Amino acid sequence: MQSARRITQVLLAICAPVVLSLTAFAADPGLSFPIGSELSDQKAGSVLIYNYYTSAPASPGLTNTRFNITNTSAATAAFVHLFFVEGSTCSISDRYVCLTASQTLTFLASEQDPGTTGYLVALATDGVLGCPTSHNFLIGDEYVKTEAGYHANLGAETISALYQQNLVNCDGNSVTAQVFFDGVSYGLIPRVLAVSNIGSTLDGNNTRLIVNRPSGDLTRAGFTVGPVFGILYDDQEQAHSWNASWGCQRVVDLNNDFPKTAPRFDQVIPAGQTGWMKFWATGPGGILGAVLNRNARAGADSGAFNSGHNLHKLTLAAFANTNGYIVPVFPPSC
């Protein structure tokens, strides 16, 4: 009798519903990203780089960019110095935006820098002097559309400040400050980039490559990418090298004119096949970029797509004092 009762108790214990306490999970949403985690478009940081923007004043409904920036801190305001880098001349225009705790902000390229194509840098500063500061709570993204039919949602590439509060060597007497992507004051930026999949132009694909040199003197102009070496691979792993020389931003479509390979692009990636590509600046400069694809058959062909994303990063540019920005220092005006 006792044995039967014991067996019944064991079976009830095994079959009893499991009750989980959610209190601990609600109070602890997870671990923070390590401060030293490398550049990504999926984390918060103190520097945001939006890889591509464009607008057309005559047709803003067809060609425009919508920027979004959010302060994820629930306790601290954010003072953000924006630098619009014009892609062909490397010239700079700037303004401040200020975000209260947990605030998000949206603005259009056609309103802030109309008729321009380039990339945008957003830098966290203190609210009194305008010195660069550690505020690893900024996230952002952008929606880009062009009259040619390219459409994409690109996350802002985010770089963390690795120091605790304010940048050293910046005070009330400073007119400029140095923001180095050196792995000491701020995180590193990439050296080798990759396009993971390139469709054939003979299948209706039009692939647009955007490459930036996220460095320069933002009181004057951005730095140029300079000489570039790349390798285009077909889907049989055969390599075809190419080279070029670019300014602070390069926007170029992939076809028989670029990259200049032997044989030409349409023979390396013929109809029904794909390829991939990696490349880097031959100097010490780090680079960033994105790729957009449009296909006129996307509405009818199940294998055709319109899309875009930031480029993959294969290695980091570990060159001290050659990657980063000189930035003007003055108090926020908001």
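Author: A cavity is a set of points on a 1 Å grid, laid over the protein atoms alone, where a 1.4 Å probe fits but cannot get out, and its volume is the space filled by probe spheres set on points joined across faces, edges and corners. The model is predicted, with local features needing pLDDT of at least 70 and side-chain atom pairs pLDDT 80 or more, whereas totals for chains, interfaces and linings use all residues. Residues are numbered from 1 along each chain as its sequence is written, and side-chain values use heavy atoms, without hydrogens and water.

Reader: How many cavities of 30 Å³ or more are there by this rule, and what volume does the largest cavity have?

Author: The count comes to one cavity of 30 Å³ or more, and the volume of the largest is about 30 Å³.

Reader: What is the strand order of the open sheet of four strands, and what makes strand 10 and strand 14 its edges?

Author: The order is 10-22-13-14, with mixed pairing. Strand 10 (176-180) and strand 14 (221-222) each have a single partner strand, so one side of each lacks a neighbour in the sheet. Two strands pair if DSSP finds at least two bridges between them; strand 13 (residues 216-217) meets this with strand 14 through two bridges in the antiparallel sense, and Asp217 has Ala221 of strand 14 as its bridge partner.

Reader: Why is the link of Cys90 and Cys248 called a disulfide?

Author: A disulfide is a pair of cysteine sulfur atoms within 2.5 Å, and the sulfur atoms of Cys90 and Cys248 are 2.5 Å apart, which places the pair at the cut-off. The link is left-handed, with -115 degrees about the S-S bond. Cys90 lies in the loop between strand 3 (78-86) and strand 4 (92-99), and Cys248 in the loop between strand 16 (239-246) and strand 17 (249-253), 158 residues apart.

Reader: How do you know whether Cys98 and Cys334 are linked, and what accessibility class does each have?

Author: Their sulfur atoms are 1.8 Å apart, and the two cysteines form a disulfide, right-handed with 65 degrees about the S-S bond. Cys98 lies in strand 4 and Cys334 in the segment after strand 22, so parts 236 residues apart in sequence are tied together. Buried means under 20% relative accessible area, exposed over 50%, and partly exposed in between, with a 1.4 Å probe and protein chains only; Cys98 at 25% is therefore partly exposed, and Cys334 at 51% is exposed.

Reader: What makes the disulfide of Cys131 and Cys170 left-handed or right-handed, and are these cysteines buried or exposed?

Author: The S to S distance is 2.0 Å, and the torsion about the S-S bond is about -85 degrees, so this disulfide is left-handed. Cys131 at 2% relative accessibility is buried, as is Cys170 at 13%.

Reader: What pattern do the disulfides follow?

Author: There are three disulfides, and they follow 1-5, 2-6, 3-4, with bonded cysteines counted along the chain.

Methods:
On a 1 Å grid over the protein atoms alone, a cavity is a set of points where a 1.4 Å probe fits but cannot get out, and a pocket is an open set with protein on both sides within 12 Å along at least five of seven lines; lining residues have an atom within 4 Å of a point.
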